[in-house]
Amino acid sequence: MTQKLMKQANEEKAKDEATPLSLEHSCFNKDWILRSYQLEQIKHFTCLICKQVVNNPVDINCSQHENLDEVLIAGTHCLKLFLENNKSCPIQPHDNCQYSRNNAVRKYIDDLTVMCIRQFEQDLKISHETEGEGKTPGVIKCGFHGKLKDLNNHLINECPLTLINCWFKPFGNSIER
């Protein structure tokens, strides 16, 4: 990944940490998906640009690559960012990259069973903060395990880890319920 793309990815990650999650743009964290699946089950759904599990998958089907014997799939957001910054195909340098939506892969990914992404992130944060200390008492947990297509509704309407507005938010504070 180019330095510019890495910088943009880090900026987006920082935004995601401060704002509610958006499942409509970036590809999905492969480590999160691997909590429920084996790598073998998802290896053909890896974005060739960011190496995560594709979100809004597109097939790259330029005539220059028709003899390649590999899955040429990317997340729509990743591909658009790449093309904006590089003006050429991410597989081999040439103009006029051709791509199309892949509805079959999209349906498969929508049907993946996942845990709550906020719970995954909380688990990661706690494991880094408390290595060797045991369980953290009083931590709110989310027990969501459902289809990826249902996750957005869960995050908006049901998740106990949703950030809520605090009276002190204008001063830089927020609390989790």
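These legends walk through several close-ups of one predicted model. Residues are numbered from 1 along each chain as its sequence is written, and side-chain values use heavy atoms, with hydrogens and water left out. Because the model is predicted, local features need pLDDT of at least 70 and side-chain atom pairs count only at pLDDT 80 or more, while totals for chains, interfaces and linings use all residues.

View 1. Helices (H or I, at least four residues) and strands (E, at least two) are DSSP runs, numbered from the N terminus. Follow the sequence and you get α-α-α-β-β-α-β-α-β-α-β-α-β-β. Of the 177 residues, 34% count as buried; buried means under 20% relative accessible area, exposed over 50%, and partly exposed in between (1.4 Å probe, protein chains only). Take the contacts (heavy atoms within 4.5 Å) with a separation of 6 or more: 62% of them come from residues 24 or more positions apart.

**View 2. Helix H6 and what covers it.** H6 runs over residues 117-129, and its 13 residues should span 18 Å at 1.5 Å a residue; the end C-alpha atoms are 18 Å apart, so the two agree. That expected span is 1.5 Å times one less than the number of residues. Ile117, Arg118, Gln119, Phe120, Gln122 and Ile126 are the buried ones here. Their cover includes helix H2 (30-33), strand S4 (113-115) and helix H7 (148-157).

**View 3. A nonpolar surface patch around Trp167.** Trp167, Phe168 and Phe171 together make a patch of about 500 Å². Patches are made of residues with over 30% relative accessible area and no salt bridge; like charges are joined within 9 Å, nonpolar side chains (Val, Leu, Ile, Met, Phe, Trp, Tyr) within 5 Å. A salt bridge is a side-chain nitrogen of Lys or Arg within 4 Å of a carboxyl oxygen of Asp or Glu, and areas come from the Shrake-Rupley method with a 1.4 Å probe, where for residues only the protein chains shown count as cover. Trp167 sits in the loop between strand S6 (163-164) and strand S7 (175-176), and counts as exposed because its relative accessibility is 79%.

**View 4. Positive phi at Lys51 and Asn96.** Most residues other than glycine have a negative phi. Lys51, in the loop between helix H3 (39-42) and strand S1 (57-60), has phi near 70 degrees. Its relative accessible area is 47%, so Lys51 is partly exposed. Asn96 has phi near 65 degrees and lies in the loop between helix H4 (76-86) and strand S3 (99-101). With 61% relative accessibility, Asn96 counts as exposed.
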